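Have the model open beside you as you read.

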Amino acid sequence: MDLHFTAEDEAFRREARDWLDDALSGDFAVVRGRGGPGDEHSLFDERWAWEKHLGAHGWTAVGWPAEHGGRGLGLHQQVIWFEEYARAKGPGRLGHIGEGLVGPTVIHFGDAAQQARFLPGIRSGEELWCQGYSEPGAGSDLANISTRAERDGDGWVIHGQKVWTSLAQWSQWCFVLARTDRDVPKHKGITFLMVPMDQPGIEIR
């Protein structure tokens, strides 16, 4: 595997560097270097505006296929983008759960209607996601999750609790991993549910 950057890669690096240096000046200078470890909850409104600014200029979901709104960048240029983002002290991302976890899952497993509904809001930065994975008694051990979901007509009723659900107090959506079949081995029978956060029965602490 060739790990050297090509001339095209280095031209992309200059493009990314110039854009970031310009964008993180002026109105967005306040978020530069913010939102990292220990500072995750700072300047939420300003960082959400930054997410939307990234989306409006095509700098979110850079590795997604072009047909789903991404840039379709190869691995080398994705690495360059993240290197330059770190070098420029870009703020901690608010859209990383949607962009890195939900989006690729919907692209790979979702149907056309789900892709049309969820991908644009993630890519634009308009809709934020949190993750419903870990639990108090299971940590990140997926085989031991106890949250369950049962069919109710066209929907689901979910019973359980999730922890380490970063951004839950601000997110519009949560992906919830819930047990939907208790008669199969513990690492099976689990469903990935996309749950709106603004509904009765959800308590955020």
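**Around Leu-24**

Leaving out residues up to four places away in sequence, Leu-24 touches Ala-29, Val-31, Arg-32, Trp-50, Ala-88, Lys-89, Gly-90 and Pro-91 (contact means heavy atoms within 4.5 Å). This is a predicted model, where local features need pLDDT of at least 70 and side-chain atom pairs count only at pLDDT 80 or more, while totals for chains, interfaces and linings use all residues. Residues are numbered from 1 along each chain as its sequence is written, and side-chain values use heavy atoms, with hydrogens and water left out.

**Nonpolar cores**

- The largest nonpolar core has 17 residues, and Trp-19, Leu-20, Leu-24, Trp-50, Leu-54, Trp-59 and Trp-81 touch the most other members.
- Helices H1 (7-23), H2 (44-56) and H3 (75-87) each supply at least two residues of this core, and H1 gives the most, with five residues.
- A second, separate core of 14 residues includes Phe-118, Ile-145, Trp-173 and Leu-177.
- A nonpolar core is a set of buried Ala, Val, Leu, Ile, Met, Phe, Trp, Tyr and Cys residues joined through side-chain atoms within 4.5 Å; buried means under 20% relative accessible area (1.4 Å probe, protein chains only).
- Helices are DSSP runs (H or I, at least four residues), numbered from the N terminus.

**H4 against H5**

- Helix H4 (residues 96-109) packs on helix H5 (residues 112-124) at an angle of about 160°, with their axes 10 Å apart.
- The two helices, H4 and H5, are therefore roughly antiparallel (angles over 145 degrees).
- In H4, Gly-98, Glu-99, Val-102, Gly-103, Val-106 and Ile-107 meet Gln-114, Gln-115, Leu-119 and Ile-122 in H5.

Key. Buried means under 20% relative accessible area, exposed over 50%, partly exposed in between (1.4 Å probe, protein chains only). Axes are lines fitted to C-alpha atoms, for helices over the stretch in contact, and angles run from 0 to 180 degrees between N-to-C directions. Angles under 35 degrees count as roughly parallel, over 145 as roughly antiparallel, 65 to 115 as roughly perpendicular and the rest as oblique.
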